[in-house]
Amino acid sequence: MRIRPVGAHALLLDCSDADQVEAWRAELWRRREEGHLDAVEIIPAARTVLLDGLADPAHTAALLGTWNPPPGTAGTGTAATSTSTVGAGTAGTSTGRGSAGAVEVPVRYDGADLPMVAGYWEVAVPTVVRRLIGTEFRVAFCGFAPGFAYLTGLPAGLAVPRLPTPRPRVPAGSVALAGPYAGIYPTASPGGWLLVGHTDLPLFDVHTDPPARLTPGTRVRLVPA
Amino acid sequence: MTGTQPVGPKSPNVPGSGDVVEVLRAGILTTVQDLGRPGWAHLGVPRSGALDPGALRLANRLVGNPESTAGLEITLTGCELRFHRATTVAITGADAPVQVGARPGDVGRPLAVPAGAAVRVGPSRTGLRSWLAVAGGIAVEPVLGSRATDTLSGLGPPPLHDGDRLPVGAPAGPPAPVDATATVPAPDEVRLALRLGPRADWFTPPALDLLFSTAYTLTPVSNRVGARLSGAPLPRAVSGELPSEGLVLGAVQVPADGQPLVFLADHPTTGGYPVVGVVVDVTPLAQARPGTTVRFYGPQRGSR
């Protein structure tokens, strides 16, 4: 993990992989809960965790170096700093014991781009659906729109490109794939991800706490509706 | 990218007992703004809030409000409002003609508004945006702790339309005893301090020289999300895609065309183009009209 300064009030933790990101995220959230970290925002992403709203980034950077053993170090993790085996896609590996919990999303696998995904994966459509149902996903991070979760868990070899031309309107609840990720559109928006299905589960509601159903670290299964 | 369905209340509730402001003319873009909704970025919720928080804070102090109270952010063409009860307003930011009823008023002073009088903010003479505070504040329903309109995600109340009626809260205290405040001039050229990083190493050394030596021009597609600049494109040292990473206010992102974009209050929470540096204070951009020259300077060349 490498720390990069970002402006006057932020630090970017450059991680080696998504598992290290998740380990640092969980650890930093825990440290903040305990009052040892003053970050206003802790924002995990694909390979980084951004700490924003720091009073003294240099002090925080020094502090990060003393939080030893660094989370993500294999075999030495204690308590909630799990280094779950996401990426394997093996059913039943529920090792993620972070506070984020698990969510089953009921999905109707009727997406318009299922044949395209089947083509990229060089399998039949039912096999695509079976693989998606059988994958334990985890929310790597949120972005693009409030409550839009980037789900990791598919093997790297199954990454798919986006549509060359994005659709002007993707309906809310659309379950879709792009790159190494699965995602669900919380609200209707333009989008270039490949549509594999849809869900009626509300994913973002400002009147619930937290407003997003899928928060970073949450384990997710896309079960048949 | 913009949500088509605002999650916030579409037509803000007007409490029966409360005061009301009526929008006679909304102008090209008038939004409700406070100090935004920090703390939700990990869920993809932008910070939003007034583009010049200092100007909104000042307007609030002038009318006796807590500094974080919601007011209106008014863009270029001004707006016209009718207050149903006698109240106090203050307008800060751009140099714009102000009228209360038939009487001319001033920017940067508390203005007494008689019941039923119209407050008119005219087109700004210099600068781009004004902030209007009213005693008691704009009392639309907060969304995730803020009443701010987020033009990117659609959270918060929609931008004002002609004929809207917005609730006004109960005054918190007396207006400030003040004669005048200094208005900030809107220069033809904006100079912005820039700290390199986190991805300055994605650019060639000549690109960083260009960044600090080019007179960029603010383009008309700039908005509350970001100030888009045109000028010398910045060549990359690293090709390929950057995995999405978190963004801060003032981040200078460089998309594939090499033209920098400075992120403002409604910026997305993550982005997939490298951020070459971060502008220390973006508030001068709140008043910069399209065509304004933008230059970057930085004391810490070479360090990262």
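How do the residues of the lining of the second largest pocket divide into nonpolar, polar and charged? Colleagues, the answer is 19 nonpolar, eight polar and six charged; Ala, Val, Leu, Ile, Met, Phe, Trp, Tyr, Cys and Pro count as nonpolar, Asp, Glu, Lys and Arg as charged, and the others, Gly among them, as polar.

This is a predicted model, in which local features need pLDDT of at least 70 and side-chain atom pairs count only at pLDDT 80 or more, while totals for chains, interfaces and linings use all residues. Residues are numbered from 1 along each chain as its sequence is written, chains are lettered from A in the order in which they are written, and side-chain values use heavy atoms, with hydrogens and water left out.

The pocket holds about 740 Å³ of space. On a 1 Å grid over the protein atoms alone, a pocket is an open set of points where a 1.4 Å probe fits, with protein on both sides within 12 Å along at least five of seven lines; lining residues have an atom within 4 Å of a point. The volume is the space filled by probe spheres set on the points, which are joined across faces, edges and corners. Of the 33 lining residues, His9(A), Asp52(A), Arg47(B), Pro53(B) and Leu249(B) are the closest to the centre.

I turn to the cores. The largest nonpolar core has 39 residues, and Trp121(A) and Leu222(A) are among those with the most contacts inside it. Such a core joins buried (under 20% relative accessible area, 1.4 Å probe, protein chains only) Ala, Val, Leu, Ile, Met, Phe, Trp, Tyr and Cys residues through side-chain atoms within 4.5 Å. A second, separate core of 35 residues includes Leu56(B) and Phe203(B).

Terms used:
Buried means under 20% relative accessible area, exposed over 50%, partly exposed in between (1.4 Å probe, protein chains only).
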